[in-house]
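Trainee: I am new to this model. Please take me through one part of it closely, and link it to what lies around it.

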Amino acid sequence: MYVYEIIKSINDGWISIILSQLRAIKKVSSSSPSSSDKLFSKEAIINNKMDKSIFFSLGTGARFNKQKYARDVELFKGIKSQERDVHQASSNLHFFGKSDVKVEQEKKQKEQQKEQQKKAAAEEEKNKKRQREEEKEKEEEDEDEEDNSQDEENSQDEEVDDEEEDKDDYNESEDEDEEDVDIFQKKYVPTKIKNEDDSSDDEDDDEDKVKKEENGGDNNSNGDIRTKLNISVTGTDIPNVIQSFDELLEEPYNMRQYILKNIRAAKYKDPSPIQMQSIPAIISGREVIACAPTGSGKTAAFSIPILQSLHEPKKLGFRCVIVSPTRELAQQIYRNFRLFSKGKPFKICVLSKTVSGDQMAPISKNFDILITTPQRIVNLIQSRVVKLNHVEHLVFDEADKLFDDQFLEQVDSVINACKNASLKIHLFSATMNVVVEEMARSIMKNPIKVLIGSQNSASINVDQKLLFVGKEDGKLLALRQLFQKGLEPPILIFVQSKERATELFQELIFDNINVDVIHSDRTQQQRDTIVQRFRSGKIWVLICTELMARGMDFKGVNYVINFDFPNTIASYVHRIGRTGRAGRQGKAITLYTKDDFPMIPSISNVIRNSGYDTPDWMQHLTTDKITDGYAEDSEVKVRRKSVSTIPANERWKIHVNNKKEQTRKQIQYGQYNNSKNNNNQNNNYKGKKPNNNGNGGNQQNNNNNKKPNNNHNNKKPQQQQQDLKKRKFDSPKK
Ligand SMILES: Nc1ncnc2c1ncn2[C@@H]1O[C@H](COP(=O)(O)OP(=O)(O)OP(=O)(O)O)[C@@H](O)[C@H]1O
């Protein structure tokens, strides 16, 4: 061993070290005369007793006296060829020294090994912890079981009704997995393309700089992640982002096992950027203003941490209130809470018109979580049926809409009714404006603002196109042409008003399109049925108003068509956000006429900011009334000519003749019986390509069922016609 140290020392020219090594040899030799030999003996190597470090110490360029040490070389060669295991032992040894690269590789390998060992130990520790937690959970569950069965008996009809939908939720998640949808965080929001005239952008940038400074800069690893994923945060003492849901099991979050189990069951692999920052913030007891693109998982970003923070069901009365602008969205949020609270008997309720104050009064104390529209809760507050003294979390989903004039007074009443000193207020939306934010900040305590991407931007997953159709009459023609080219359902078509929705429905139903219409004049039951049928693929094309623009999470919508141009930028962003959700791709086509020119520059800007192209002239269009789409007076309401083209009775005749013709053709080609046998499949578009006959791929479907696919399905044609006329007559009352 010492011989090699000496060689190395010679090589390095360190005489003094040589002397000391020689002294050492002398010492060793005197104590054990043959020790030097032993070091290189076959046995020593076989038993791997040799101190390998000696070989590692020979660096590149060590001039080894091969002649002198030929014996050792031969010995090594011999051992390599003779002994397999020795071969292995000796393979770690580099007799003739190693290149720097090899040394480096060795080092890295060692480090990796160490790292792996460390990870394995950590993993083991984690598993142990998980096991302990699970055991604890099990004990808790056993305790809860008694409560649970009692709670089930008391639970609201609504909850039972929604059981079916809950199942759908899980199925939908599985679909998602099948498609292998990429997690959202891998996507990056493209760099904002600046409009020279857009001074507000510059202001935003300045503001961003200030925010980053407030946030202590982006120099740490958290800062890197935030920068990479376009997460901007403002506020003080901002908790770190989480990069996996598993991190929530650890300190300081100590997430309950059952929640994580539910997250896994929902097939959420990784948190989305808004979840990465909002979940730790809310669990840490902070108030949050969250602004993130449509379909980026905001609902889970508040429901998961709130469930963790509520800890256990308590019969104190509502401890969490979620306010949403529409009943449909409230139902959806309710399902989300149910999904993540499975296994814990939290009592969750959605307030609807059918739940009267009398019904609510005796049971309100049993509930933990309330999801409601503003008017419903205000009614109960005013009639003193519910008390909100114990509310710990108050969430305004679609906050900018709720803080709008339409709801502001009601929102104010709700805030005033929440008297708990430790109340936390949270605001969530894909769009936010300065006025709302300022208003909210005045009632919030040291909130953290989380912004994903740039404010008020459209989802980058939606391919957006603007389509000029000349005059109002051109819209229907353009729509029919689009259908003829083949649009893959499900499709959402947005129009400006209930009346226009009905008119368009009446046009399309006679084109044999599997279409239905939803707006606020339809009954609650009709609305529920339509939403469910659209979700399950029984309706392929859904005509709707702003009622469906915000929050609705219909998985897999392929197209959003803005038949009527949206009135505001926020409306545009939310409408087209019904597609391209959870990392999927979607398409949006917006029809426009000359009347819509005032909104073109700002919408064109939004499209460009999300990474899609628009013609240059749109940026420079000057009209009498250019708007920025956010100020109260900026809403552009265009008076539009009726959608209807021909009188209803004429349309009916055409429809009946078409039907007859189609049936005749099918019988002629022997398709009728075959398609009848496939009746069940026809209710679902999944896996089918649209045909090119202008009916959205539903010709067979309609024929087989012998009825149009709308809510008149079970009625006779004459009855349908009467209903249609009645509806047309009824609908103008707003
Ligand atoms: N971490 C995740 N992994 C996979 N899917 C997720 C994750 N978080 C949420 N989702 C799914 O993404 C979809 C959109 O979520 P959500 O409805 O909460 O979006 P949103 O941001 O509230 O959209 P909007 O602004 O339109 O209301 C849902 O189907 C939800 O199940």
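Mentor: Start with Asn222, which counts as buried because its relative accessibility is 9%. Buried means under 20% relative accessible area, exposed means over 50%, and partly exposed lies in between, with a 1.4 Å probe and protein chains only. This is a predicted model, where local features need pLDDT of at least 70, side-chain atom pairs count only at pLDDT 80 or more, and totals for chains, interfaces and linings use all residues. Residues are numbered from 1 along each chain as its sequence is written, and side-chain values use heavy atoms, with hydrogens and water left out.

Asn222 sits in helix α12 (residues 221-228). Helices (H or I, at least four residues) and strands (E, at least two) are DSSP runs, numbered from the N terminus. A polar atom of the Asn222 side chain lies 2.7 Å from the backbone nitrogen of Val241. That is a polar contact: a pair of N or O atoms within 3.5 Å; within protein, one must be able to donate a hydrogen and the other to accept it, and residues adjacent in sequence count only if both atoms are side-chain atoms.

Now turn to strand β8. It covers residues 448-452, and five of the five are buried, so the strand is largely enclosed by the rest of the structure. Ile448, Val450 and Ile452 point one way from β8. Lys449 and Leu451 point the other way.

Strand β8 has partners. Strands pair if DSSP finds at least two bridges between them. Strand β1 (residues 231-234) runs antiparallel to β8, with four bridges. Strand β2 (residues 288-291) runs parallel to β8, also with four bridges. Look at Val450 in β8. It is the bridge partner of Val233. It is also the bridge partner of Ala290.

A polar backbone atom of Asp270 is 2.9 Å from a ligand nitrogen. A backbone N or O atom of Gly297 is 3.1 Å from a ligand oxygen. A side-chain N or O atom of Asp553 is 2.5 Å from a ligand oxygen. Taken alone, the ligand exposes 640 Å², and the protein buries 96% of that. Such areas come from the Shrake-Rupley method with a 1.4 Å probe.
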